[in-house]
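Here is a brief report on one protein model with a ligand. Please read it beside the sequence and the coordinates.

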Amino acid sequence: MPLNPQQQQAVAHRQGALLVLAGAGSGKTRVITRRIAALLRDVPAEQIVALTFTNKAAREMRERVIDQVGRAAAKGLIVATFHSLGVRILRQHIDRLGYKTNFSIFATGDQLRLVRDLLARHQPGCSASIAEQVLARIGRAKNELQRPAQFQPRIDDPVDALTAQLYPRYQQALKACNVIDFDDILLLTLQLFEQAADVARHYRQQLRYVLVDEYQDTNAVQYRLLRELCAEHGNLCVVGDDDQSIYGWRGAVAGNILDFGRDFPGACIIKLEQNYRSSGRILAVANALIRHNPDRHDKRLWSAGAPGAPVVYRLCDDGEDEAMAVVETIHQERYARQRAYRDFAILYRTNGQSRAFEEQLRYENIPYVLIGGQQFFDRKEVRDALAYFKVLANPLDEINLLRILNYPRRGIGEQSAEKLIALSLEWQQSLWQVLQRPDLPDHLGDKVAQAVHDFVSLLQRYRRLLGRGGQLVPDAQALFAEIGFEDELCRQAEDPKQARRRIDNLHEVFNALSAYVEREGVATLEGFLEKVSLLDRDEPVRGSKEEKLKQDAVVLMSLHSSKGLEFPCVFLVGLEEGSLPHGKVLEEGGDVREERRLCYVGITRARERLLLLGAARRRRYGRLQPQVPSRFLAEIPPELLENQAAEPAPVDPQQQAVRAADFFSRIQTLLKTDNG
Ligand SMILES: Nc1ncnc2c1ncn2[C@@H]1O[C@H](COP(=O)(O)OP(=O)(O)OP(=O)(O)O)[C@@H](O)[C@H]1O
Ligand SMILES: [Mg+2]
């Protein structure tokens with residue numbers, strides 16, 4: 001498909017800064033991939049770096065480039081997320097900041113545990129629940145470029161006061177364990193560039209063409225990093241849409257995109273106005289909604305396509321009814337237009353909303369894939385297993401060392417663990433060093449000291465084995481068999497089914513490891529852990545997101561993870577006050593404009609058919625409660641919507657009995673499929 005003149009101009013642009021500011025579906029991502037292909041004709045691949053927000057988007061972009069230029073020509077090209085580029089750089093040079101290059105990356109659970117430990121040590125009276133709030137403040141501070149020294153607590157804010165106290169200690173503890181957290185990845189990369197001029201120069205000379213997709217979602221740290229990278233050559237090309245900025249809550253600054261012209265004087269700014277994705281009617285709805293956000297760059301998106309089918313709003317009776325309406329439409333559309341299951345996406349505000357749709361789809365035997373939801377790598381047994389890997393890769397990782405010290409139980413109880421920590425503080429040695437001291441029997445008694453000794457030699461033995469990297473999977477399996485990990489899972493489970501699930505999850509870790517080994521030329525435990533810690537925060541439970549998208553199945557996902565994607569038919573569900581806009585935002589006086597942008601993102605994923613749905617009543621805390629339709633619906637002129645909103649039917653007792661019977665038979669079917 002040929003590019004339009006504006007797209008061509010963006011692709012042909014060579015030196016200096018370039019901003020493509022354009023609405024949804026106007027071909028921004030396409031411009032980036034075509035530009036890379038064009039650059040590859042006269043620039044070595046290693047000099048080009050394209051940055052995106054999710055691993056999925058990065059993989060997809062690489063594939064699209066390969067389709068155009070072939071695999072050989074794309075070799076050496078860097079297509080990555082900001083975080084994976086950061087890790088790549090830190091692995092080479094983090095020693096300049098006083099860390100070792102085999103550092104590990106903390107998962108959220110590990111971070112929380114560290115903050116809880118620090119709280120218990122320094123503020124014994126505090127409730128443990130405050131740890132999460134402190135951690136969130138630390139995260140926000142890091143994304144706003146505040147290191148411990150720059151953190152400014154707000155007056156009269158007790159959580160801020162605690163954060164001010166704990167943040168420096170948290171940072172010291174991480175460093176002592178040779179660990180960094182997710183937000184440190186970018187902050188430390190930036191620090192490296194600022195402190196080590198030679199390192200900065202090296203990357204500025206190596207990475208001569210920088211391209212960024214979804215630029216509206218960059219935060220302050222990412223922005224500074226880009227400035228550092230492009231300080232000499234200035235070849236920065238960014239594309240984005242201020243109307244799709246949906247990560248303000250994570251510190252993204254939409255202003256970055258609006259200030260681009262000021263920050264990079266002489267920048268070329270190109271606007272794309274033709275939308276190639278959505279039908280005229282869908283586009284009209286999107287435009288009408290987003291117009292309600294003040295202070296935006298006004299963009300007029302038009303489509304050369306046909307107006308298409310009407311956009312429908314359907315007010316359903318309750319959540320079950322909403323799910324049935326969706327499934328009914330899927331059946332109709334498949335029948336009338338021979339659509340595949342993968343043509344449909346059900347989009348919602350929060351992952352918890354998927355349940356009713358999943359039930360209904362299962363009941364009707366419709367294949368579906370769920371993207372996001374409870375994160376596989378966050379489950380307890382999975383984190384316990386990974387803790388072993390983490391300690392084997394980096395024995396200074398004290399949090400994980402403590403996690404496995406007596407798991408599975410080996411006779412080093414909590415009191416002994418506390419004694420060991422006290423000794424490590426007293427002797428100013430790392431816990432790992434303390435565990436290896438010959439004089440431990442004097443402090444712990446012979447029996448416990450023997451258990452510690454066995455534990456240490458086990459770890460050392462496997463460190464040697466795994467360090468060779470030849471047989472990661474069998475070696476790891478041997479380790480877990482030797483320590484009796486599965487037996488421990490069985491002992492702790494409440495019933496055999498739970499035990500089975502947990503053991504399956506452990507095996508899934510081995511599967512993930514083996515898939516990694518197969519993919520990678522040189523596989524190491526560190527490399528595997530790095531992959532896991534860089535997974536998209538909303539990566540699916542199992543399998544990669546694009547594998548799932550390839551199957552012929554209806555897709556269920558949150559609005560946040562739908563960014564950049566497109567589907568022939570989209571159901572945007574739960575259009576009620578409290579769901580979209582989200583209740584938390586309303587209660588805390590948050591930014592309703594960001595919720596509106598989220599709704600806009602959802603609408604603009606649709607190519608041909610868009611259905612907006614909501615329920616008149618919804619089950620909350622076990623009771624049906626009346627709902628108010630989303631304010632966003634009222635912002636769309638009625639002539640743009642085909643309203644299928646029926647007044648909720650008066651409840652006829654006989655009908656209710658039929659519904660109840662139907663409901664129970666469905667539950668029974670579900671239980672049967674569950675067991676089967
Ligand atoms: N010149 C063109 N001719 C035909 N189709 C095009 C053209 N440009 C883009 N498209 C198609 O339009 C759709 C949207 O393109 P793309 O995903 O690049 O848009 P985008 O601006 O990145 O959207 P979003 O803001 O949602 O990320 C894709 O299906 C793409 O193939
Ligand atoms: Mg895009």
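## Model and conventions

This is a predicted model: local features need pLDDT of at least 70, side-chain atom pairs count only at pLDDT 80 or more, and totals for chains, interfaces and linings use all residues. Residues are numbered from 1 along each chain as its sequence is written, while chains are lettered from A and ligands numbered from 1 in the order in which they are written.

## Domains

The domain assignment gives domain 1 (5–91 + 186–272), domain 2 (104–177), domain 3 (302–375 + 543–644) and domain 4 (378–535). Such bounds come from an automatic or database assignment. Between domain 3 and domain 4, the C-alpha centres are 42 Å apart.

## Ligand shell

Ligand 1 is surrounded by 19 residues. A residue is near the molecule if its C-beta atom, placed from the backbone, lies within 6 Å of it. The closest are G27, K28, T29, R30 and Y276. Helix α2 (residues 28–40) supplies the largest share, three residues. Helices here are DSSP runs (H or I, at least four residues), numbered from the N terminus.

Domain 1 and domain 3 each give at least three residues to this shell. By class, the shell has nine polar, five nonpolar and five charged residues. Ala, Val, Leu, Ile, Met, Phe, Trp, Tyr, Cys and Pro count as nonpolar, Asp, Glu, Lys and Arg as charged, and the others, Gly among them, as polar.

## Nonpolar cores

A nonpolar core is a set of buried Ala, Val, Leu, Ile, Met, Phe, Trp, Tyr and Cys residues joined through C-beta atoms within 7 Å. Buried means 20 or more other C-beta atoms within 10 Å of a residue's own; exposed means 12 or fewer, and partly exposed is in between, with C-beta atoms placed from the backbone. The largest core has 79 residues, and V20, A50, V115 and V210 have the most contacts inside it. Helix α8 (residues 182–195) gives this core its largest share, seven residues. Domain 1 and domain 2 each contribute at least three.

A second, separate core has 63 residues, including A286, Y368, F567 and A606.

I89 lies in helix α4 (residues 82–93). I89 counts as partly exposed because it has 19 C-beta neighbours inside 10 Å. Beyond four places in sequence, I89 is in contact (C-beta atoms, placed from the backbone, within 7 Å) with T189, L192 and Y203.

Q428 follows α18 with a positive phi, near 55°.

Definitions and conventions. Helix = DSSP H or I, 4+ residues; strand = E, 2+ residues; numbered from the N terminus. Contact = placed C-beta atoms within 7 Å.
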